[in-house]
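The following note comments on a single protein model. Please read the points below alongside the sequence and the coordinates.

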Amino acid sequence: MASRLSFEERARVEALRAAGVAVATMARRLGRDPSPICRELTRNSRGGGYDAAVAQRLADRRALRPKTPKLAEDRFLAAMVRERQAMRWSPHAISADLHCASRRVCAETIYAACYDRHGSRGLPQDAWRLLPRRCRRRKPRRRAARKPCALGDFKPVSRRSAVAGRRSEPGHWEGDLIIGAGNRSAAVTLVERFSR
């Protein structure tokens, strides 16, 4: 995740903006990607101008924690979410539908409100019962660990050693696997590189 812009970076953005420098050039000079610079200018420009001090104050205010949950803050939006939940829509479908109606709430916010035990996030305590899978607890979201290869520790042909490629010494094997339709059959071939 990219770090927030510092005040010094915002001051440089202000100076470069006043000089009429393009966003891509600003990003290159700051060593950043152009998209956060563009978002920064869009979010914090007032009256066509950009002020670093005002931008820093607005960013600090947005970063304050704890924030009031979105559905608790906007009761009308929470009612719209509950109405769609009653129709057994998934949080992703609710989010997409509300986005079309120019109301923004992400699916993760809906999930967090559904699984809130105290009902303080804008939805009732038992809102999880209206989810399509009706699980009482949410499974932890983890990054998918890389699955080990079913063939074990093998080297692809591209990483074969030069000695094996020249076939100058015995002991180097080359294998191939063919899996049949529906994984019902398989054929494996092993060839010793030196003798073939």
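1. Arg10 is buried, its relative accessible area being 3%; buried here means under 20%, exposed over 50% and partly exposed in between, with a 1.4 Å probe and protein chains only. This residue belongs to helix H1, residues 7-18. Beyond its neighbours within four places in sequence, Arg10 is in contact with Leu5, Glu40, Tyr50, Ala52, Ala55, Gln56 and Ala59, where contact denotes heavy atoms within 4.5 Å.

2. On provenance, this is a predicted model, in which local features need pLDDT of at least 70 and side-chain atom pairs count only at pLDDT 80 or more, whereas totals for chains, interfaces and linings use all residues. Residues are numbered from 1 along each chain as its sequence is written, and side-chain values use heavy atoms, with hydrogens and water left out.

3. The protein contains nine helices and four strands, in the order α-α-α-β-β-α-α-α-α-α-α-β-β from the N terminus. Helices (H or I, at least four residues) and strands (E, at least two) are DSSP runs, numbered from the N terminus.

4. The radius of gyration, taken over C-alpha atoms, is 28 Å, while a compact globule of 196 residues would have a value near 16 Å by the rule of 2.2 Å times the number of residues to the power 0.38. Along the principal axes, the C-alpha atoms fill a box of roughly 75 × 55 × 30 Å. Buried residues account for 25% of the 196 residues. Of the contacts with a separation of 6 or more, 44% join residues 24 or more positions apart.

5. Which strands pair in the antiparallel sense over seven bridges? They are E3 (residues 173-179) and E4 (residues 186-192); pairing requires that DSSP finds at least two bridges between two strands. Asp176 stands opposite Thr189 in E4. Six residues lie between the strands of this hairpin, and in it Gly182 takes a positive phi near 65°.

6. Leaving aside neighbours within four places in sequence, Glu174 is in contact with Arg160, Thr189, Leu190, Val191, Arg193 and Arg196. The C-alpha atoms of Glu174 and Ala52 are separated by 62 Å, with the two residues 122 apart along the chain. Ala52 is also one of the contacts of Arg10.
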